[in-house]
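The entries follow in the order of looking.

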Amino acid sequence: MNEPGYLDGCSWKRADGVPALGGGAPPHPVTSGPETEAERALCIERERLTLALSAGQMGVYDLTFKNDVLWWSPEVYAVFGVSAETFTPTRDAFTELVHPDDRARFWQHLEACIDHQLYFMHEFRIRRPDGQERWIGNRAETEYDEAGVPVRHFGVAMDITERKKAELHTLQNAGLFSSLIEQAPIGTYVVDGHLRIRQINPVAMPAFSGIEPLIGRSLGEVVVLQWGEELGAGVLAHFRHTLATGERYISPGFAQVRHDHGNEEAYEWETQRVVLPEGGYGVVCYFNDITPRYRAERALVESEERVRLATAATGVGIWEWNVVTNAICWDAPMFQIYGIPPTPDGMVHYNDWSGAVLPEDLAENEEILQDMVRRVGSSARSFRIRRRSDGAVRHLECVETARANAQGQTEWVVGTNLDVTEKKLAGEALARSERFNVAVLDSLPAEIAVLDHVGRIIAINKPWLKFSQNGEDAQTDRVGVGVDYLAVCRKAAAGGDEDAARTLEGIQSVLEGKATDFKMEYPCTAPDKTRWFAMHVMHAPPEVGGAIVVHMDITERRELETALVKNAAELTEAARRKDEFLAMLAHELRNPLAPMRNMTEVLKTATLSAEESRNSLSILTRQIENMSRMIDDLLDAARITQGKIELRRRPVGLEGILKAAVGLAQACCVERGQKLMLQLPEEPVYLDADATRLEQVFGNLLINARKYSDDGSPIKVRVDREGREVVVTVSDRGMGIDEQLLPYIFELFVQESRTLDRERGGLGIGLTLAQRLVKLHGGSIVAKSAGIGHGADFIVRLPMLMDGNLTAAEKPPASPVVQPVRERSRRILIVDDNKDSACSLALLHKRRGHETRTVFTGPDAVTAAAEFLPEVVILDIGLPGMDGFEVARRLRALPGLADALLIAMSGYGSAEDLAEGKRAGFNEYLVKPVDLKKLWEWMR
């Protein structure tokens, strides 16, 4: 070996050239001769030393640099777990015993101590040949000659493994101690043996507000700042007494003016001596800020004794016992402590208490209580109860005082109960801390494993074990404690698992200190579904291991993210379709306005012929009907979407419905040379249906077929009976339907691609209305097409009425011959804030021989009606100043208008609007644009 240092080239052999691994005497001369008393004494001392070294698991070694001779005592071999017969004490052999992570540090420290003539003290780990890992403590000195050259190095080696474990346990206890203080439900702080503040929990911080710093500061300084010199010294004295004697101090009640901010505050507090995790005594102080309670209770003079008892402890329950009447009263905390439902007046029976006390504690406590009553004194005791609500055993402390009557006999006993279970069990909780930590890990919804510095699993929780057992090729020892997790990852990565390769790289980077943590998400495919997991690898505390690996099932989160992305795409598509629909709606509403404007200009011409006038009026009428149909379709779509469509069903014949729908489409088909054919069965078909709505369904299908068919193309309507259903098929040989659009053809606003000429345009709601109206009738509708250029079939299925004996009254009536009826001249009041609408309607009625008057606001309508006394009032709903409903109510209250015909006129026509009109007093309700035929009928 060519390493630097004074140990270079040492062979570590005995003086006779044999490797110095066995026991025996050190390599120094032994003088033979008669044994003297001094020599015998020396032998005895050596024997004692040998026994002491053996008992303390310490071995002695001695190295002479001049002849490279090393001597080990038998204890050294025992400490290192080797034998003199099999072990060769070279530097390399010794180095192999030292833990790999500690080798460089050991030699660097040893050589530095020899170089600088320092006392050598070092602790390091070894790995024995039997696999045990142990801690060794090494203490040694080096002798030097006058020139400073090392001559001899000797020392002791001892096994300190148990001490190291104790130190680790102390660290864990320190963490638990600190955690208990932090999580205490009341104000808690700890001072060390020098009365310096060591820890304070969040509940206690408000009591020390404005005083900084706190941690490490002398408690004497703090209490003087809070309460002044005199009072602060008294508080500090209690702490000193508790620290010195171990006696617990309970404050009888503490209320004073704060020295630092001048406000009066009250506290109840106590001190206890505790053993700090690192050893040595400290003092823990528990306190509650009872300032609000103190101020309230101070005003109740007659309750001074109860206040004193209530402030003696934290979370107390108070009870009163009238010894004369045997009446016992509990406050609310008492019921909570004993787990008994509160009574309305707080009164309880004696056996509510005695029945809860454990039998082994009852007799002693009853004796103490009776003695206190006889003495008219006080007592303090403790006992255990079994809480009624959950059967839990609780530890209680009780303090009570007897109050005497005028004759000096006990009349009342007032007492407190305090649940001290947690305090009583604190010691047991510390002993169970390890089991508690394991239980917490097992209860977490994640799989957790702890790896040592080389990636070997040293601890797992139950979810990890369950996860590994439920996976493919599940074996408990495959990923259990003692398994090299990195080796498992390497094997999977070698098989092509990319996630395993990423995991291996991430864990290694954390173990080697190249990264503080590592995170990744990966899928795990099972027969039923793919689940997603998140892995988080982080540094573990040195006393725990090398790294902590956490697996978490994130399948629900990933599914939610996928759903959110899908919803966002659907919302984007819906917004696009909405924008397209609004643009298309504006276009479609402008279409009828253009010819209407043109025809109004034509009608202004004085030289217009009778034929031209008829054509102009026909165009205006047709375009008004087109616009009304679009608006009605929009309103129907809204009503159906909101579930507000109500069918007026009755037995009707299908033939009449289809002929009416064909009649509506026939004129447009004739214009384009399209042949419209209707094929009916021999037997009539009857339905339980709303005839008007079914006419709308088949009318929309025929309009759709007409728009998407070329001029001269045939359109066929065929009716077939199939069992209890009638099948109506509307067929065309037009442009057909793209296969990608076919699944969405009945969705609202969905249409084929639009062109600028809008030759085949529309609102895209006709098919939606048809589908939903058919569904309301208990039927179905489907669309079929072989693709673009191959036409389309729309097939409607509806349930038939199977009773073939329908009466003639139930069959569709013949169209009646309408005889002209001459109208009687009436006084008509027209109210509309749209002046053009009001004046044009007035002109129509005036030309029919009626006397009219027009107004444009709600208040003007009431005034005009009182003067004009109209027989008929046509009243808009949306009026300035007063809406039409209110106007109608006021008109009905006017003299002479109780029997007037009130007709509502509005752009709103929902079921709620019609119902509100009835309540307001309207006879009829018209939706704009006004159906003049209905209006003329009502005027007769």
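Why does Thr64 count as buried? I found 15% relative accessibility for Thr64, so this residue counts as buried (under 20% relative accessible area; exposed is over 50%, partly exposed in between; 1.4 Å probe, protein chains only).

Before going on I noted the basis. This is a predicted model, in which local features need pLDDT of at least 70 and side-chain atom pairs count only at pLDDT 80 or more, while totals for chains, interfaces and linings use all residues. Residues are numbered from 1 along each chain as its sequence is written, and side-chain values use heavy atoms, with hydrogens and water left out.

**Entry: Thr64.** I placed Thr64 in strand β1, residues 58-64 (strands are DSSP runs of E, at least two residues, and helices are runs of H or I, at least four, numbered from the N terminus). Setting aside neighbours within four places in sequence, I found Thr64 in contact with Val69 and Val151 (contact: heavy atoms within 4.5 Å).

**Entry: cores.** I looked up the largest nonpolar core and found 40 residues (a core is a set of buried Ala, Val, Leu, Ile, Met, Phe, Trp, Tyr and Cys residues joined through side-chain atoms within 4.5 Å). Leu654, Phe698 and Leu702 are among those with the most contacts inside this core. Elements giving two or more residues to the core include α20 (654-671), α21 (691-707), β27 (725-732) and α22 (766-776). A second, separate core has 26 residues, including Tyr77 and Phe120.

**Entry: α21 and α22.** I found the two axes within 9 Å, crossing at roughly 145° (axes are lines fitted to C-alpha atoms, for helices over the stretch in contact; angles run from 0 to 180 degrees between N-to-C directions). Where do they meet? Residues of α21, including Arg693, Val697 and Leu701, meet residues of α22, including Leu769 and Leu773.

**Entry: open sheet.** I traced five strands in the order β31-β30-β32-β33-β34, with parallel pairing (two strands pair if DSSP finds at least two bridges between them). The edge strands, β31 (851-855) and β34 (924-927), each pair on one side only. The twist averages 20° from one strand to the next. I then checked β33 (residues 901-906), which four bridges join to β34 in parallel. Met905 stands opposite Leu926 in β34.
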